[in-house]
Amino acid sequence: MSDSAIHDTKGAQAPFTLAEGDLAGSEPRDWIALLKPRVLSLVVFSGVIGLLVAPGTMHPILAVTAILCITLAAGAAGAINMWYDRDIDAVMRRTMNRPVVTGRISPDGALAYGIVLAVGSVALMGLATNWLAAGVLAFSIFFYVVIYTAWLKRRTPQNIVIGGAAGAFPPLIGWVAVTGSIEALPLVLFAIIFMWTPPHFWALSLWAHDDYKRAGVPMLPVVAGARETRRQVVIYTLLLVPLTLAPWLMGFSTWAYGAAAALLGAGFLRHAWLTWTDAQDAAGVSLTKDAPAKACFKYSITYLFALLGALALDRLLLA
Amino acid sequence: MTPEEKTLFYRRRRARNWAILGALAALVVLFYLISVARLLRG
């Protein structure tokens, strides 16, 4: 943009030239948007749960730092994801206003920002807590960026099943930050979030699959159809609910958590069933605008927060 | 570049600079607190 040189009148000296897209410049909120703040709430919550249910104590400053590192690492992975996926983000309604797509932040800027945050969060975690926690944190970033974003997302409808592991790391990292070791309970928490991700995300994709179809991303409804996706939601929910009883059955909690998990699971199964039996035409297209799938998606979020919260309360107050 | 665009550009650049200053200051305080916490832990 050769005609857009700005002369700094406050003492600086040489005029400079703005690159295309920099004319209006980015605002701090654009850089915050790169971190996918809406996704971070679950990351922070599950990381805190990992810290709370772990045996032992931790200085509050170090605990807050550990959560900060988990949050920044997840944000860094989100920023690198936005850099890599900027081509498909541009054609999806849900993502077409992201700052890299609109040009408010350059792709190189987003990548550099993500790398700096990733390296910084891992180093800070190692210095503040222990290097095993830092290693698991680094692996979680690698998993989301390389395994999910770059490898699985555009290649297989199982992308969410395997890629869901990326979101299951925070409670494990929180636990390791306190104890310095990997034990059974945090692995069970990992498995619960891993199994929760497919029904949660496929319920969403049932009504948002047009976006994925336009972008050429092989989400399950695009590849196998809505009917099969509804069936998979039920199957994964059936696998998830018994798994959530594991902390009680393995002696890590009292019956109170077991009862809460059973009740919450019954609610999830009901929503999954209603999604499966939704009124639909011969092609599997919902005749109710996917109302049961939307309700199932919303419930799945409440479900996970309530389930993890119940476990933490049980461990802190009763176990 | 119109005067309005120039004003907007400067406003946004100033906001970014303040945000960077805030982040750096927070990092300094955080490192100090981590050091104290680790010293207290022994």
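This is a predicted model: local features need pLDDT of at least 70, side-chain atom pairs count only at pLDDT 80 or more; totals for chains, interfaces and linings use all residues.
**Figure 1. Lys36(A), in the loop between α1 and α2 of chain A.** Here the view turns to Lys36(A), which has a positive phi of about 55° although it is not a glycine. The loop that holds Lys36(A) lies between α1 (28–33) and α2 (37–53) of chain A. Is Lys36(A) buried or partly exposed? With 17 C-beta neighbours inside 10 Å, Lys36(A) counts as partly exposed, because a residue needs 20 or more such neighbours to be buried and 12 or fewer to be exposed.

**Figure 2. The packing of helix α7 against helix α9 in chain A.** Two packed helices are described by the angle between their axes and the distance between the axes. For helix α7 (residues 131–152) of chain A and helix α9 (residues 169–179) of chain A, the angle is about 165° and the axes are 8 Å apart. The two helices, α7(A) and α9(A), are therefore roughly antiparallel to each other, and α7(A) passes α9(A) in a left-handed crossing. On the side of α7(A), the residues that take part are Leu132(A), Ala133(A), Val136(A), Leu137(A) and Ser140(A), and they meet Phe169(A), Leu172(A), Ile173(A), Val176(A) and Ala177(A) in α9(A). Sorted by class, the residues of this contact between α7(A) and α9(A) are nine nonpolar, one polar and no charged.

**Figure 3. Leu137(A) and the largest nonpolar core.** The largest nonpolar core has 94 residues, and those with the most contacts inside it are Ala73(A), Ala79(A) and Leu137(A). Helix α3(A) gives the most to this core, with 15 residues. Which residues are in contact with Leu137(A), when its neighbours within four places in sequence are left aside? They are Cys69(A), Ile70(A), Ala73(A), Ser121(A), Val122(A), Met125(A) and Ile173(A).

**Figure 4. The crossing of helix α10 and helix α12 in chain A.** The axes of helix α10 (residues 184–215) and helix α12 (residues 226–244) of chain A come within 9 Å and cross at roughly 155°. That angle makes α10(A) roughly antiparallel to α12(A), and α10(A) passes α12(A) in a left-handed crossing. Among the residues of α10(A) that take part in the contact are Met195(A), Trp196(A), Pro199(A) and Trp202(A), while those of α12(A) include Val233(A), Tyr236(A), Leu240(A) and Leu243(A). The residues of the contact between α10(A) and α12(A) divide into 15 nonpolar, five polar and no charged.

**Figure 5. Chain B and the side of chain A that touches it.** Chain B has one helix and zero strands, and its C-alpha atoms fill a box of roughly 60 × 10 × 5 Å, taken along the principal axes. Of the 42 residues of chain B, 0% count as buried. Where the chains meet, 14 residues of chain A are in contact with 16 residues of chain B. The elements of chain A that give two or more residues to this side are α3 (60–84) and α6 (107–128), and α3(A) gives the most, with three residues. By class, the side of chain A that touches chain B has eight nonpolar, five polar and one charged residues.

Methods. Residues are numbered from 1 along each chain as its sequence is written. Chains are lettered from A and ligands numbered from 1 in the order in which they are written. Axes are lines fitted to C-alpha atoms, for helices over the stretch in contact, and angles run from 0 to 180 degrees between N-to-C directions. Helices (H or I, at least four residues) and strands (E, at least two) are DSSP runs, numbered from the N terminus. Angles under 35 degrees count as roughly parallel, over 145 as roughly antiparallel, 65 to 115 as roughly perpendicular and the rest as oblique. A crossing is left-handed if the near helix is turned anticlockwise from the far one by less than a right angle, and right-handed if clockwise. Two residues are in contact if their C-beta atoms, placed from the backbone, lie within 7 Å. Ala, Val, Leu, Ile, Met, Phe, Trp, Tyr, Cys and Pro count as nonpolar, Asp, Glu, Lys and Arg as charged, and the others, Gly among them, as polar. A nonpolar core is a set of buried Ala, Val, Leu, Ile, Met, Phe, Trp, Tyr and Cys residues joined through C-beta atoms within 7 Å.
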